[in-house]
Amino acid sequence: MKNRIVLIVLFCLLISPSFAKDGYKLWLDYQSIENPNLAEEAEKLFEGIYFFGKNSTYEVIQKELELASKGFLNQNPEFKKLNQNARLWIGTRSELSQYLGLDHQAKIKALGEEGYWRGPLNQEGESLYAIIGNTPKGVLYGVFDFLRSIQTGTFDSNSEKSDSPKIKLRMLNHWDNLDRTVERGYAGFSIWDWHRLPGYIDPRYIDYARANASLGINAVSLTNVNANAWVLREDFIEKVKVLADLFRPYGIQVFLTARFSAPMEMGNLETADPLDTEVKKFWKERVDLIYKEIPDFGGFLVKANSEGQPGPHEYGRNHAEGANMLAEALAPHGGIVIWRAFVYSHEIDEDRHKQANLEFEPLDGKFMDNVIIQVKNGAIDFQPREPFHPLFGAVEETNLGMEFQITQEYLGQATQLVYLSPMWEEILQSKTYRPSPNSTVAEIIDGSATDKELTLMAGVSNIGTDRNWTGHLFGQANWYAFGKLAWDPYQNSAEIAEEWINLTFGQNPETQRKISTIMLQSHEAAVNYMTPLGLHHLMGRSHHYGPGPWVEGGRADWTSVYYHRADSEGIGFDRTESGSNALGQYASEIAYNWSDPNQIPEKFLLWFHHLPWDFKLRSGRTLWDEIGLHYDLGVKTAREMKQQWDSLHGLVDEEQFSHTSQLLAIQVQEAEWWRNACLLYFQTFSNRPFPDDIEKPTGDLEYYKSLRFPFAPGIKPNW
Ligand code: BDP
């Protein structure tokens with residue numbers, strides 16, 4: 001009997017999935033340290049930890065150190081008294097002031113509220129290691145960075161490091177509905193279990209907070225921008241309070257989306273006019289009520305007068321009047337309004353590209369100081385590649401924040417491996433030429449070009465209830481990279497990838513090199529097989545997943561054909577002076593250079609120009625041939641990515657391997673689908689043969705047109 005039990009246990013251990021990596025631990029998987037010297041150094045520190053104070057943030061740091069010590073060294077850490085040989089000192093600058101020289105104190109102070117310093121300290125001949133912030137939050141960031149350095153094998157007890165964030169609000173925007181569906185969410189349901197809150201606390205909330213804090217993400221808005229007024233009800237505020245209380249020690253502030261018509265839906269008012277006294281009173285009371293429960297509530301994120309959402313325009317008021325009304329209610333509590341510049345309405349007859357600038361430029365200087373205008377990275381809508389949004393640089397008096405989309409709505413959702421950091425980096429590094437000739441988007445976002453302090457980078461979350469959080473394992477890399485760029489928008493995508501790979505797949509150089517190659521080419525590959533050379537908005541209209549360059553549902557307004565404008569002569573959207581002149585919304589240097597099809601970067605060619613099929617590109621080939629080549633190159637790169645990955649069999653964990661390998665196989669098929677559908681369709685206009693050196697598109701255009709995705713995640717089925 002006993003033997004049988006032993007056998008069963010052994011068998012269970014052998015097949016136990018607990019050894020496999022299911023992705024739940026994200027980049028916080030504290031694995032046993034292989035390097036003996038590093039293990040010895042770490043052991044010394046973990047055996048003698050001293051906290052210079054007591055607060056809820058230090059409590060969560062203590063828990064993190066316990067987890068880390070067990071993972072790294074298979075032992076519990078020891079928390080000591082100062083005179084008991086404590087070697088790892090943890091505290092704030094003021095708590096440690098008597099041990100720090102004046103210069104050292106000044107150096108730490110200069111790092112600001114959220115900065116940290118970590119490094120060796122010599123005390124009476126004893127060598128210690130200290131992690132010091134100006135606030136407990138800074139300490140928390142320092143500790144996570146310290147742990148990361150051990151994970152990546154780069155920790156050196158003799159060297160120091162200091163760091164501080166360049167952007168004030170580093171924020172995730174969840175597009176989560178109260179019924180737990182997630183708009184454009186591809187990783188299961190919403191992690192906010194509203195039904196069981198406030199009584200039940202899902203352990204995921206804590207792991208979510210840990211993951212964010214480890215990256216320096218310090219704000220989250222919990223609910224969909226297509227907002228539901230219910231979240232402002234007392235019973236929901238109780239639920240939100242529980243989350244806010246859990247996140248507070250991790251330095252994370254909670255925001256909610258505010259539905260502009262809430263005074264009518266909840267307050268029984270006849271109007272939501274922002275200048276109406278009763279409306280103002282409604283919001284003031286609601287805000288006061290929230291702050292009673294959540295004293296550090298962040299404020300509201302608002303989508304107004306866009307895609308059918310209510311807003312001030314209904315009452316003949318503008319965005320500033322709408323935003324300021326909310327800002328006035330929030331200001332006494334230190335709260336802010338994040339007002340979105342993504343304004344799409346069918347009422348206007350202009351190029352959709354121009355709408356945000358048309359509505360917001362005239363309001364420059366009219367927004368209160370506690371309002372930030374949150375601008376999507378490009379003027380259309382999170383397309384696989386967009387030029388930067390012309391609002392960056394166009395206004396000087398207004399706080400501008402960046403909105404990136406982490407969830408891959410238009411980039412293969414949670415099925416395709418697309419590392420988004422290079423796309424974000426391209427935007428951040430773009431020269432705006434305004435306010436000064438050398439300004440870049442990053443400098444506007446971090447306030448250095450505009451002298452602004454209230455700065456923001458937001459990312460539309462890709463997180464859901466899937467065991468691995470993001471659906472595709474590599475979706476984690478996008479969450480990770482977003483956090484890193486929000487902390488420092490000048491970081492390099494290759495370095496971020498390298499760090500994430502190290503934390504996720506370990507330190508084998510061959511593995512690292514191959515995965516890095518896959519990641520760094522993945523975005524360009526997707527652009528090539530979806531929307532090369534500045535084409536955009538070619539996806540199917542409802543699901544935003546596969547190709548749909550044709551008119552769907554019989555309406556041509558603002559569908560793909562509106563954007564690509566293919567005809568027998570040529571293809572592309574003329575946004576120069578002879579067309580919509582959206583180009584005129586950029587700085588004159590850009591408008592001038594890009595209005596010449598021979599000068600504009602070819603990646604934006606058809607975004608701004610309608611050109612003949614035989615137009616000659618820099619390669620000497622015709623536009624038609626180049627389009628074909630790009631689509632084909634996208635497919636070839638997807639195949640290479642799959643081959644590279646498959647060569648890692650045995651080098652990465654089996655579960656990670658097979659998850660990614662299967663998804664890459666689908667990605668290859670879908671790249672082919674995009675190429676075939678788009679090229680066959682465009683050929684009906686160009687009437688030209690495909691270039692000789694590409695694999696010829698196969699399949700039946702009518703079949704591609706007939707494909708529907710009624711059950712695609714993230715959308716409500718359109719019966
Ligand atoms: C579009 C999405 C839509 C969002 C909208 C937005 O398709 O679901 O509501 O953006 O950002 O890309 O408000």
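## Around the ligand

The ligand is surrounded by 14 residues, and the closest of them are Glu183, Lys303, Arg340, Lys376 and Glu409. Bear in mind that this is a predicted model. Sorted by class, the shell around the ligand comes out as 8 charged, 4 nonpolar and 2 polar residues.

Arg340 places a polar side-chain atom 2.7 Å from an oxygen atom of the ligand. Asp381 also has a polar side-chain atom 2.7 Å from a ligand oxygen. For Arg184, an N or O atom in the side chain sits 2.9 Å from an oxygen atom of the ligand. How much of the ligand does the protein bury? On its own the ligand would expose 320 Å², and the protein buries 97% of that.

Next up is strand S8, which covers residues 253-257. Is S8 largely enclosed or left open? Of its 5 residues, 4 are buried, so the strand is largely enclosed by the rest of the structure.

S8 pairs with strand S7 (residues 219-221) in the parallel sense, over 3 bridges. If you want to find that pairing on screen, look for Val220, whose bridge partner in S8 is Val254. Strand S9 (residues 299-302) also runs parallel to S8, and 3 bridges join the two. Here Thr257 stands opposite Leu301 in S9. As a rule, side chains in a regular strand alternate between the two faces of the sheet.

## Two loop residues

Asn177 belongs to the loop between strand S6 (169-173) and helix H6 (203-215). Is Asn177 buried or exposed? Its relative accessible area is 16%, under the 20% cut-off, so Asn177 counts as buried. As for distances, Asn177 and Ile427 are 250 residues apart along the chain, and their C-alpha atoms are separated by 29 Å.

Glu95 is in another loop, the one between strand S2 (88-92) and helix H4 (102-109). With a relative accessibility of 27%, Glu95 falls between the 20% and 50% limits, so it counts as partly exposed.

Key
Residues numbered from 1 in each chain as written. Predicted model: local features only at pLDDT ≥ 70, side-chain atom pairs only at ≥ 80, totals over all residues. Heavy atoms only, no water. Near = heavy atom within 4 Å. Polar contact = N/O pair within 3.5 Å; in protein donor to acceptor, adjacent residues only side chain to side chain. Areas by Shrake-Rupley, 256 points an atom, 1.4 Å probe, with all protein chains shown as cover. Nonpolar A, V, L, I, M, F, W, Y, C, P; charged D, E, K, R; others polar. Buried < 20%, exposed > 50% of the residue type's maximum accessible area, 1.4 Å probe, protein only. Pairing = 2+ DSSP bridges.
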